[in-house]
Amino acid sequence: MLGEGILKGLAETAKNFAGSFVSEERLTTVEYPEQRLPQIENTRDFPFLVYDGEDPMAGLRCVSCQICEKECPPKCIYIVKSTDKKPDYVGKAQFYPTRFDIDISVCMSCQICVEVCPFDAIKMDTEFELSTSDRFGGLILDKHKLAKPNSYYQKIHPTEAAEVDGRLEEEKQKLEAKAKAAAEAAAAKAAADAAAKNAAVAPEGQA
Amino acid sequence: MSTSAIRSYLPPVIEVDAENELLEVAMGPHHPSTHGVFRMDVALDGERVVRLKPVFGYLHRNHEKIAEKTTYLASMPYTDRLDYFCSMTNNWAYALAVEKLAGLEVPERAEYIRVITAELTRIQNHASAIGFLMQEMGASGTPLMYAFREREKILDLFEELSGSRMMCNYMRFGGCRVDLPEGWLDRVSRLVAELPRFVDEMEALLTGNEILMARAQGVGVLKPDLAVNAGVTGVMLRATGVNYDVRKVDHYGIYDRFAFRVPLGDHGDIYDRYMLRVLEMRESIRILEQALPQIPAGPILDPKSKPRGFRPKPGEAYGRIEAPKGELGFYLISDGSGNPYRYRVRPPSLINLTILEDMCLGQNVADVVLIFGSVDIVLGEVDR
């Protein structure tokens, strides 16, 4: 019969229309600013810099190695390396970025900077409501705007952050163990030297 | 080759009434039916198309030259932006080419993840391609929204996996970037269990529809020999009855392990292309049903692969896969440095578009929109 296919299709749309009043599952949209979907954990949009401790500028993990600047596909990162060193959060003297800018109007959220960073200093944010009326200055984020605490990173990407923290803790312990071993070795060496000296001196004394 | 044989590949010459003046219409670049910025210069004799000149390049972004000036890894996010509906398959094709070039091995688990993401991509691409075709036929909204409802579920899964809905940037040379999140496979299995119902619904809505049949059957016919000679691939080629699927021909990845059929058309018209997309969605569901329970545990990345300082030895490689739109290939030449000496994309969308005039000549101008829609292109890939 001509028109059978159309009627069958209309029955399908009618089923969907009526079903949306009955089943919550058929309502697939949410009214955005009032209602929000739960954040998906792995979501990424723009990078930020992680800092440890209280002071954002003193605690930055970034040591200004400029690998992310070099590897960034659209070249949206701009870093000026410091000429002096200052202690980082574990107290080791490191270079630091005097300037770290990301132009998020150029950034394409590919997270290659995160992958290549050997210091876990740059991570992806999930903040997406960044619209601004100032399209020049407002979209260039400097290091003060980019710096966010480690606790924030743990909040937005809990699984990934736990893994990173575990790794950093392990490295820190390894470093400490190494430092301790070195100190012990130095102490032992000093003791041995002293003993040798004493041994060397003693015969003289005897003589 | 004889002249008559050559003539058979040329567009047919349309007889024009000398009394009538031809009407020249520029469709696009800002026309709702052009899937982006694409222009067709159409010459009309009444309602009939006498000449059609496709004009592209409005979305040219210098992808290939940029890739030659940057590292291998840095091109990966740019491949997402070729065919932005199917970033997973684009990633795979590029990764495959680099793996051939550098001789990297892909671990078992990563191969399974690649198949699963690629087949999900195929389902959502075909669903939306059908939706857009119906939109152009005048079925405003409903089929497209049904397709987008399902597509959204798949994109949510991609976001959980890779962090981004469309610009996944997920695959790496020798594997994948991150392992599956907790419970991801269960959620995919649940979705795959629901998908046949969606395909049934789509078919109930459209397959027997008299308006669709009247407008699509016998329109935009493509002959098999012309399709083969023009290098047309994917659904466009199979709708003409030529059995050519890179998954079966090239045995890339682990497609040998799955039982699936390659649906073939008979007439090469718009309706065949629509039907083939529906059938391919069903076959993709079959592959997913087989792949999901089999996925093994293990590493997801070749230990030889590294994000920085990647320098394959001099040589060349061509990696190709069956992307939802056709054969997507990447041709690379390495001179041993950190960036490719030559980088070339074989874009299925562009090559499938080259026979647009042949399909449109002699048809009504209203059918041009449909024929163009049935090719299923994305301008990001056509212009690069």
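View 1. A disulfide is a covalent bond between the sulfur atoms of two cysteines. For A:Cys72, which is in no disulfide, the nearest cysteine sulfur is that of A:Cys76, 3.8 Å away. A:Cys72 is buried, at a relative accessible area of 6%; buried means under 20% relative accessible area, exposed over 50%, and partly exposed in between (1.4 Å probe, protein chains only). A:Cys110 is in no disulfide either, and the nearest cysteine sulfur, that of A:Cys72, lies 6.2 Å away. A:Cys110 also counts as buried, at 8% relative accessibility.

This is a predicted model, in which local features need pLDDT of at least 70, side-chain atom pairs count only at pLDDT 80 or more, and totals for chains, interfaces and linings use all residues. Residues are numbered from 1 along each chain as its sequence is written, chains are lettered from A and ligands numbered from 1 in the order in which they are written, and side-chain values use heavy atoms, with hydrogens and water left out.

**View 2. Strand β1 of chain A and its two partners.** Strand β1(A), residues 47-51, is mostly covered, with 5 of its 5 residues buried. Helices (H or I, at least four residues) and strands (E, at least two) are DSSP runs, numbered from the N terminus. Two strands pair if DSSP finds at least two bridges between them. With β6(A), residues 122-124, β1(A) pairs in the antiparallel sense over 3 bridges, and A:Leu49 stands opposite A:Ile122. With β8(A), residues 147-149, the pairing of β1(A) is parallel, over 3 bridges; here A:Tyr51 stands opposite A:Pro149.

**View 3. An open sheet in chain B.** The sheet has 3 strands in the order β1-β2-β3, with antiparallel pairing. Its edge strands are β1 (23-27) and β3 (48-55), each pairing on one side only. β2(B), residues 39-45, pairs with β3(B) over 7 bridges. B:Met40 stands opposite B:Pro54 in β3(B).

**View 4. Helices α5 and α6 of chain B.** The axes of α5(B), residues 108-137, and α6(B), residues 142-162, come within 8 Å and cross at roughly 155 degrees. Axes are lines fitted to C-alpha atoms, for helices over the stretch in contact, and angles run from 0 to 180 degrees between N-to-C directions. The two helices α5(B) and α6(B) are therefore roughly antiparallel (angles over 145 degrees).

Terms used: Disulfide = S-S within 2.5 Å. Parallel < 35°, antiparallel > 145°, perpendicular 65-115°, else oblique.
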